[in-house]
Amino acid sequence: MAMEAGEGKELLLKQRQVLIFFVLLGIALAGSESRRYSVAEEMESGFFVANLLKDLGLEVDELIVRGPQVVSKGKKLSLQFDRQTGDLLLNEKLDREELCGPMEPCVLPFRLLLENPLQFFQAELQIRDINDHSPIFLDKEIILKISESTTPGTTFLIERAQDLDVGSNSLQSYTISPNFYFHLILQDSADGILPQLVLDKALDREEQPELRLTLTALDGGTPPRSGTALVLVEILDINDNAPEFTKVLYEVRVPENSPIGLHIATVSARDLDIGVYGQISYAFFQASEDIRKTFQINAKSGELLLTQKLDFESVQTYTVNIQATDGGGLSASSVVLIQVIDLNDNPPELTMSTLLNQIPENLHETIIAVFSVSDPDSGDNGRTVCSIQDDLPFFLKPSVENFYTLVTNTALDRETRSEYNVTITVNDMGTPRLKTQHNILILVSDVNDNAPAFSQTSYTLSVRENNQPALHIGGVSATDRDSGSNAQLTYSLLPPQDPHLPLASLVSINADNGQLFALRALDFEALQAFEFRVGATDRGSPALSSQALVRVVVLDDNDNSPFVLYPLQNASAPCTELVPRAAEPGYLVTKVVAVDGDSGQNAWLSFQLLKATEPGLFGVWAHNGEVRTARLLSERDAARHRLVVLVKDNGEPPLSASVTLHVLLVDGFSQPYLPLPEVAPERAQADSLTVYLVIALASVSSLFLFSVLVFVAVRLCRRCRAAPLGVCSVPEGHFPGHLVDVSGTGTLSQSYQYEVCLMGGLGTSKFTVLKPVIPNILAQGVERVSDEHPSFRNSCEFS
């Protein structure tokens, strides 16, 4: 036990020395194109092979980022790579005989794939043989039939042993047990050492009919292993003719995957002897176990049959040794060389190394996948062509040997297409062509690259005035082509361009759906329309937004009654219109001027005569409010007339107002005019703004009129002082020549003439300005008149 333990330590020490040697050799060759590492077979999983950090020229931190992985061709080599330390380890036990068979040295290539960026590190792993197999004889008992007439010095071939180990661990020598008749010689051949028995002494069947010898096969391992077989030598009677084959070498070509039972060839030998010595039997000679499982030979006919399917990728050539033996024990051998013809029976293989299933849009030249293709067939059957669909924004880029990368050839747009199903097709060049397809589903993730888009650039909404607060008046709508939070929109009111517009008190917007609401009642007369901008912002990072213009039009309701500007209804004394009795039909008495605060048809006014002291004498034009005589006046007509004119708008329902006119029929404008106090005008209610505007206009008009009247009064006073009684008299029937003529500039087209006289016999010094021949209209377009300014009340009389 101590000796075995010492030998084990010595063996382990030698293995470590060899391992250190190969590691140092790998470091020395680190700059070469391919680096070689070595490891002994049958090492346990996790066994340390080498540290690749120095060979890669990377630090540990860089190695982790680069994402290394070991890729081996054909999946024979099972290695693992420790990213934390850079150690290359075994993933499982390696059997050199299973991986390489008799090939020596056993070198398996592998690659270390580095990502980010993509880089390949080529290397080889040499698997060193250990003496783990003993030599074995396929036949535990070897029978030699030797004639007793055989002369000394004759050699006899013996079936050699099989040893799966290679190199110094392979079969090295044979020994035969001590005897008086034979000694052993060894002959080197291409297939190894062949043992041969040499007859030293003539045999005598009658003295000894058989011999039992022990043949021992020894390998060169430390310690050496051995295997034994029994050699049974049967001494025969004299047989002086050995069989002879018609051909020493038979060459046969057989396609792989041929059916079981296929006839391969028929060997033939002849023997000149007769009887038992001329009967020949055929058998395999020095055939491996693989040959014995694959083929079968008919012992009588020499017909060679197939017992299991051939595989070119496993074995390309079989060398079958066949021995023909006659009944006397003499034999001859022949060789059948069977070449397996390759068929295209293996589809290409695709091995995916790196796959990125989801990529963001808008990226250029992105590596999606890294893969390799292979085909175990040979020639054209093993050449491959790799392709993908033509209508996809990807292309295949060849890399090292049979490696390819799948790369985008343009930036992807998720809004155009959110996923791609890429089919990688690998075809070989054999007949018939075989192919392998690999499907990859690539998802395009969203990037916030689309701003919200409103369905319209501008919106026009309408709402009637006097609406209820919080009334829904419409909405805006926007869409976003992105997805997820990038497509979730928030609506908001943007600050108005007009700083005086109180937008926050007029409307509000629902941030989720863009619906708009009026916050308070709107007044058409105060605000007919207003504009503002609405923004839609997504929830992406960074957030994108867009704007739309919203115009709100306030629709008018008929909520304002007509307002009479002339004649004034809030004067303290009524204004009487003077009409000469000599007026023709259609004579313009006056014109009712009115306005309406509404718009459209709600402001279309119509006039009609509601009441009259004498119906049929006067008429009102419906569209312009002009009051005219309907017929000739006569002496029988009353001097005083009261007319009520109704002013009505065209709204629904219609609103109206009425005005009272006082008309005095006179024979001439020299007739004194006395006011009629029995009718008092009704006061109108006015809002403060309108009152201020009317006061301003009325003040200007009164000042102008007062200046004219003062000028006329001064002229008349000068003339009256020159007269005897100081009284101006005007004959009836015509107008005096000293009347003041003022051109009309209001709504009437006629001129105005006033008569100013000093009143005599009344005991006063008053002077009276008589009414004009054609009534004066103070102003047109003024909305309302204030009753607080006497200049408007006394516009018809001064005292």
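Q: Let's start with a cysteine. What is the relative accessible area of Cys717, and how do I read that value?
A: In this predicted model, Cys717 has a relative accessible area of 29%.

Q: Buried or exposed: how does Cys386 count?
A: Cys386 counts as buried, with a relative accessibility of 14%.

Q: And how much of the protein chain is buried?
A: The chain has 799 residues, and 43% of them count as buried.

Q: Why is the disulfide of Cys100 and Cys106 called right-handed?
A: Look at the torsion about the S-S bond: it is about 60°, so the disulfide is right-handed. As for its two cysteines, Cys100 is buried at 10% relative accessibility, and Cys106 is buried at 0%.

Q: Now charges. How many salt bridges does the structure hold?
A: First the idea: side chains of opposite charge can pair when their charged atoms come close. Here there are 18 salt bridges. One of them joins the side chains of Glu124 and Arg36, at 2.9 Å from N to O. This pair links distant parts of the chain, since Glu124 belongs to strand β7 (residues 119-128) and Arg36 to strand β1 (residues 35-40), 88 residues apart.

Q: Where do Glu124 and Arg36 stand in relative accessibility?
A: Glu124 is partly exposed at 23%. Arg36 is partly exposed too, at 33%.

Q: Which residue pairs with Lys93 in a salt bridge?
A: Glu44 does, and the closest N and O atoms are 3.2 Å apart. Again, distant parts of the chain are linked: Lys93 sits in the loop between β5 (87-90) and α4 (96-100), while Glu44 sits in the loop between β1 and β2 (48-51), 49 residues apart. Lys93 counts as partly exposed, with 45% relative accessibility.

Q: What about Asp129 and Arg96: how far apart are N and O in their salt bridge?
A: The distance is 3.3 Å, N to O, between the side chains of Asp129 and Arg96. Asp129 lies in the loop between β7 and β8 (141-147) and Arg96 in helix α4, so to speak 33 residues apart in the chain, and the pair links distant parts of it. Asp129 and Arg96 are buried.

Q: Zooming out, how many helices and strands does the protein chain have?
A: The count is 8 helices and 53 strands. To read how the chain folds back on itself, look at contacts between residues at least 6 apart in sequence: 68% of these join residues at least 24 apart.

Q: Last one: which residues make the nonpolar surface patch of about 240 Å²?
A: Phe706, Val710 and Val714 make it. Take Val710 as your landmark: Val710 lies in helix α7 (residues 688-722), and is partly exposed with a relative accessible area of 37%.

Notes: Residues numbered from 1 in each chain as written. Predicted model: local features only at pLDDT ≥ 70, side-chain atom pairs only at ≥ 80, totals over all residues. Heavy atoms only, no water. Salt bridge = Lys/Arg side-chain N within 4 Å of Asp/Glu carboxyl O. Helix = DSSP H or I, 4+ residues; strand = E, 2+ residues; numbered from the N terminus. Buried < 20%, exposed > 50% of the residue type's maximum accessible area, 1.4 Å probe, protein only. Contact = heavy atoms within 4.5 Å. Disulfide = S-S within 2.5 Å. Patch = residues over 30% accessible without salt bridge, like charges linked within 9 Å, V, L, I, M, F, W, Y side chains within 5 Å. Areas by Shrake-Rupley, 256 points an atom, 1.4 Å probe, with all protein chains shown as cover.
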